[in-house]
Amino acid sequence: MSGLLCLAGCQGKTQQNEMEMVTSIQEPVEIEFWHGMSGALGETMTELVADFNEGIGSEKGIKVKSTYQGNYEDLKAKTMAAIKAGNNPAVIQGTFNNIMEFIGSGIVQPLDDYIFNQEIGMNDFEDIYEGYRLENSSYCEDQRYYALPFSKSTDLLFYNRTFFDEHGLTVPTTWDELTEVSKKIYELTGKTAFSIDNPANYLITYLMQAGAEYTNSKGDLLFNNEAAIEALTMLQDNVNAGYWRLAGEDSFSSGPFLAENVYLYIGSSASEAFLPEENFVWEAAMIPQLKVDQPQNIQQGNNVAILNKNKTSEEVYAAFEFIKYLASDEANLKWATSTGYLPIRESVATSEDYASYVQQAKQSAKEAGIEAAKSGFVEPLFLMDHKNSNLVRTEVGAMIEEIVLTNADVVETIERYIQKLN
């Protein structure tokens with residue numbers, strides 16, 4: 001995957017703000033870590049921070065203070081405000097897109113000199129799945145690393161295994177097969193068979209599977225193409241026939257799925273944590289493909305980065321030790337076995353501890369998610385003064401909902417939304 005074109009900050013401001021590298025601490029250092037994990041996820045995050053402070057942190061004179069700052073957008077907004085006020089944290093958790101915006105401000109520390117340092121670096125760096133490594137070197141044209149992966153997920157196809165077994169149905173591997181099995185389920189039950197959690201993901205993934213373009217790093221909107229028309233027409237036709245639906249007001253398809261109002265849905269691999277098996281057995285598989293032998297699966301989740309504004313060289317080094325720990329085998333195993341997120345390391349995914357966890361959990365989402373991650377891609381992102389990827393994604397979702405809910409003309413609606421965004 002080619003590097004993404006950022007603002008001048010990637011080549012100018014960020015380099016100017018790089019700190020002189022040190023590999024040890026003379027006096028104890030305390031740094032702040034802001035994250036967006038709440039509930040059970042927040043509890044596990046607190047445990048990871050405590051493990052670091054009691055172990056590596058204690059050895060090296062580093063103490064991390066972690067603070068939950070709301071969802072990712074709240075976290076970004078509060079961090080931006082803190083940057084302006086001069087009291088920003090040393091480490092932030094954020095989506096690829098949000099971290100890219102911080103890079104545009106020229107205050108994210110490049111990590112290559114730390115990652116590949118013989119004394120303090122990550123000698124097991126290549127154990128992290130290649131897709132996650134590529135993502136974090138794809139913020140800028142210089143292809144340096146500006147973050148490390150942390151929580152990762154991918155889209156999966158969840159299906160009612162009990163229902164499928166009772167009616168002799170085969171789990172679909174292609175979009176045509178999904179249409180066929182959805183029709184059969186509708187004829188059997190009179191109910192909608194299949195639901196989509198994230199409409200934008202559906203379109204972006206279909207385009208990638210077709211070898212077509214969605215956007216590019218310069219901010220060009222390229223989804224007015226035959227593959228997009230094909231994907232949205234297929235979606236519209238299946239909704240009109242009563243076979244498919246969007247999550248819509250339900251927000252997530254897991255609710256209708258558990259109520260047996262749909263029998264398959266595409267959603268995040270992390271959603272398995274919200275799927276008890278009280279009424280039926282469910283399983284997960286890779287999402288339908290256009291070419292089964294050339295799978296493409298959207299990769300999502302969040303990363304951790306270092307903000308070097310108002311920080312000393314020792315604080316930046318301390319921050320690296322902390323994010324290195326979060327990406328370590330030990331921490332990733334704990335995170336992956338305590339949450340619905342996927343391992344970022346091959347050693348974790350293939351370990352006896354993780355295999356035992358998967359076996360005890362009896363959740364195929366883990367195995368399917370790891371397999372899907374091997375063919376994962378990151379959606380093309382960009383950052384410009386007047387337009388950003390989140391805005392485009394939001395508008396694309398609205399466009400798809402309009403096409404589905406109002407039976408709008410596909411070609412005309414695509415053209416209108418592109419004109420609006422431009």
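Q: How many of the 10 residues of strand 9 are buried?
A: In this predicted model, strand 9 spans residues 297–306. Buried means under 20% relative accessible area. Strand 9 is mostly covered, and the count of buried residues is eight.

Q: How many bridges join strand 3 to strand 9, and which residue is the bridge partner of Gln93?
A: Strand 3 covers residues 91–95 and runs antiparallel to strand 9. The bridges between strand 3 and strand 9 number five. In strand 9, Gln93 has as its bridge partner Val304.

Q: Do strand 9 and strand 10 run parallel or antiparallel?
A: Strand 10 consists of residues 376–377. Opposite Ile298 stands Phe377 of strand 10. Two bridges join strand 9 to strand 10, and their direction is parallel.

Q: Is Thr79 buried or exposed?
A: Thr79 lies in helix 4, residues 72–85. Its relative accessible area is 0%. The cut-off for buried is under 20%. Therefore Thr79 is buried.

Q: Which residues does Thr79 touch, not counting residues up to four places away in sequence?
A: Thr79 sits in helix 4. A contact needs heavy atoms within 4.5 Å. Leaving out residues up to four places away in sequence, Thr79 touches Trp34, Pro89, Ile92, Phe102 and Leu307.

Methods:
Residues are numbered from 1 along each chain as its sequence is written. This is a predicted model: local features need pLDDT of at least 70, side-chain atom pairs count only at pLDDT 80 or more; totals for chains, interfaces and linings use all residues. Side-chain values use heavy atoms; hydrogens and water are left out. Helices (H or I, at least four residues) and strands (E, at least two) are DSSP runs, numbered from the N terminus. Buried means under 20% relative accessible area, exposed over 50%, partly exposed in between (1.4 Å probe, protein chains only). Two strands pair if DSSP finds at least two bridges between them.
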